[in-house]
Amino acid sequence: MIADNLKKVKSRIDSVEHDQQVQLIAVSKARSINEIQQAVDAGQMQFGENHLQESLDKIDSLEGKNLIWHFIGPIQSNKTASIAEKFDWVHSIGRYKIAKRLSDQRPPKLSQLNVLLQLNIDREKTKSGFFLEEIEEIIPEIKKLPNISLRGFMCIPNPDNSAESFTKMAELISKYPDLNVLSMGMSADLELAIEKGATFVRVGTDIFGEREYN
Ligand SMILES: *Cc1c(COP(=O)(O)O)cnc(C)c1O
């Protein structure tokens with residue numbers, strides 16, 4: 001079933017005309033190692049997690065399979081060391097302090113940690129991330145950090161407003177020719193996100209089924 005769902009999601013991605021390369025992240029939060037393994041067996045290599053504690057067992061159990069792990073959840077500063085050690089990408093940088101800690105704590109034997117700045121694109125009280133007007137000033141500071149590599153931006157728009165928000169993200173990244181990663185689009189709106197320029201889509205429900213929690 002997971003294999004069939006993956007096929008369906010990939011054909012939805014292919015159904016949208018796009019020039020950019022689009023990569024699918026299977027959001028495996030709240031999913032078992034067995035479910036992740038089924039996705040791996042179907043060829044899926046990239047996974048997204050948003051609870052650190054829950055993700056560590058999974059990452060350890062699946063070590064050696066060359067999977068790529070994306071941290072996409074809220075980050076408390078006392079959790080940065082494990083994230084810096086275990087993940088390949090972090091999408092949810094919403095404060096300078098977090099970026100600094102991840103850079104300081106990235107083990108020297110690993111390559112730079114790929115990071116995205118999260119935008120609170122609809123200025124929602126319940127969401128974290130930078131406001132658009134903060135980005136220009138923060139980018140040079142982030143770029144100075146030696147052990148992380150800034151690649152682009154991520155957002156979780158208000159579903160009522162996603163077309164407009166995705167467009168704002170596309171306009172933002174067009175100002176930075178050296179950044180080319182836009183992480184946006186989930187089960188419900190991945191087509192729209194791709195149309196607007198998404199390069200990572202993060203899909204949970206439509207691959208693994210409904211979750212017990214978010
Ligand atoms: C849970 C989650 C997703 C996946 O959402 P679905 O609607 O299940 O596809 C994507 N991005 C983030 C940041 C999430 O927390």
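Q: Where is Asn66 found, in terms of helices and strands?
A: Asn66 is in the loop between helix 3 and strand 3. Keep in mind that this is a predicted model.

Q: Ok. What's the phi of Asn66 like, positive or negative?
A: The phi of Asn66 is positive, about 60 degrees, although Asn66 is not a glycine.

Q: And is Asn66 buried or exposed?
A: Exposed, because Asn66 has 65% relative accessibility and the cut-off for exposed is over 50%.

Q: Which residue other than glycine has a phi near 70 degrees?
A: That would be Ala30, where phi is a positive value near 70 degrees. Ala30 is located in the loop between strand 1 (23–27) and helix 2.

Q: How does Ala30 count for accessibility?
A: As partly exposed, since its relative accessibility is 27%.

Q: Let's switch to the ligand. How many residues surround the ligand, and which are the closest?
A: There are 13 residues around the ligand, and the closest are Lys29, Ser187, Gly204, Thr205 and Arg211.

Q: What's the distance from the side chain of Lys29 to an oxygen atom of the ligand?
A: An N or O atom in the Lys29 side chain is 2.6 Å from a ligand oxygen.

Q: And for Ser187?
A: There, an N or O atom of the Ser187 side chain is 2.5 Å from an oxygen atom of the ligand. Thr205 also has a polar side-chain atom 2.5 Å from an oxygen atom of the ligand.

Q: How much of the ligand does the protein bury?
A: The protein buries 89% of the 390 Å² that the ligand exposes when taken alone.

Q: New topic: how many aromatic pairs does the structure hold?
A: Four aromatic pairs. One of them is Phe47 with Trp69, a tilted pair with 5.6 Å centre to centre and 35 degrees between the planes.

Q: Which parts of the chain does that pair link?
A: Distant ones: Phe47 is in strand 2 (residues 46–49) and Trp69 is in strand 3 (residues 68–71), 22 residues apart.

Q: Is Phe47 buried or exposed?
A: Phe47 is buried, with 0% relative accessibility. Trp69 is buried as well, at 4% relative accessible area.

Q: Why is the pair of Phe71 and Phe87 edge-to-face?
A: Because the planes of the Phe71 and Phe87 rings are at 85 degrees, with the centres 5.2 Å apart. The cut-off for edge-to-face is over 60 degrees.

Q: Where do Phe71 and Phe87 lie?
A: Phe71 is in strand 3, while Phe87 is in the loop between helix 4 (80–86) and strand 4 (89–93). The two are 16 residues apart, so to speak from distant parts of the chain. Both Phe71 and Phe87 are buried.

Q: What sits over the ring of Phe131?
A: The charged end of Arg123, which is 4.1 Å from the centre of the Phe131 ring.

Q: Which residues of helix 3 are buried?
A: In helix 3 (residues 52–61), the buried ones are Leu52, Ser55, Leu56, Lys58 and Ile59.

Q: What do they pack against?
A: The buried residues of helix 3 pack against helix 2 (33–41), strand 2, strand 3 and helix 4.

Q: Why does Glu124 count as buried?
A: Because its relative accessible area is 17%, and buried means under 20%.

Q: What does Glu124 touch?
A: Apart from residues up to four places away in sequence, Glu124 touches Ile156, Pro157 and Asn158.

Q: Which residues is Ser162 in contact with?
A: Leaving aside neighbours within four places in sequence, Ser162 is in contact with Pro157, Asp189 and Leu192. Ser162 is in helix 7 (residues 162–174) and is buried, with 7% relative accessibility.

Q: Last one: which helix holds Ala193?
A: Helix 8 (residues 190–195). Ala193 is buried there, with a relative accessible area of 0%.

Q: What does Ala193 touch?
A: Not counting residues up to four places away in sequence, Ala193 touches Phe166, Met184, Gly185 and Ala198.

Notes. Residues are numbered from 1 along each chain as its sequence is written. This is a predicted model: local features need pLDDT of at least 70, side-chain atom pairs count only at pLDDT 80 or more; totals for chains, interfaces and linings use all residues. Side-chain values use heavy atoms; hydrogens and water are left out. Helices (H or I, at least four residues) and strands (E, at least two) are DSSP runs, numbered from the N terminus. Buried means under 20% relative accessible area, exposed over 50%, partly exposed in between (1.4 Å probe, protein chains only). Contact means heavy atoms within 4.5 Å. Rings of Phe, Tyr and Trp (its six-membered ring) pair if their centres lie within 6.5 Å; planes under 30 degrees apart count as stacked, over 60 as edge-to-face and the rest as tilted. A charge sits over a ring if NZ of Lys or CZ of Arg is within 6 Å of the ring centre and within 35 degrees of the ring normal. A residue is near a molecule or strand if one of its heavy atoms lies within 4 Å of it. A polar contact is a pair of N or O atoms within 3.5 Å; within protein, one must be able to donate a hydrogen and the other to accept it, and residues adjacent in sequence count only if both atoms are side-chain atoms. Accessible areas come from the Shrake-Rupley method with a 1.4 Å probe; for residues, only the protein chains shown count as cover.
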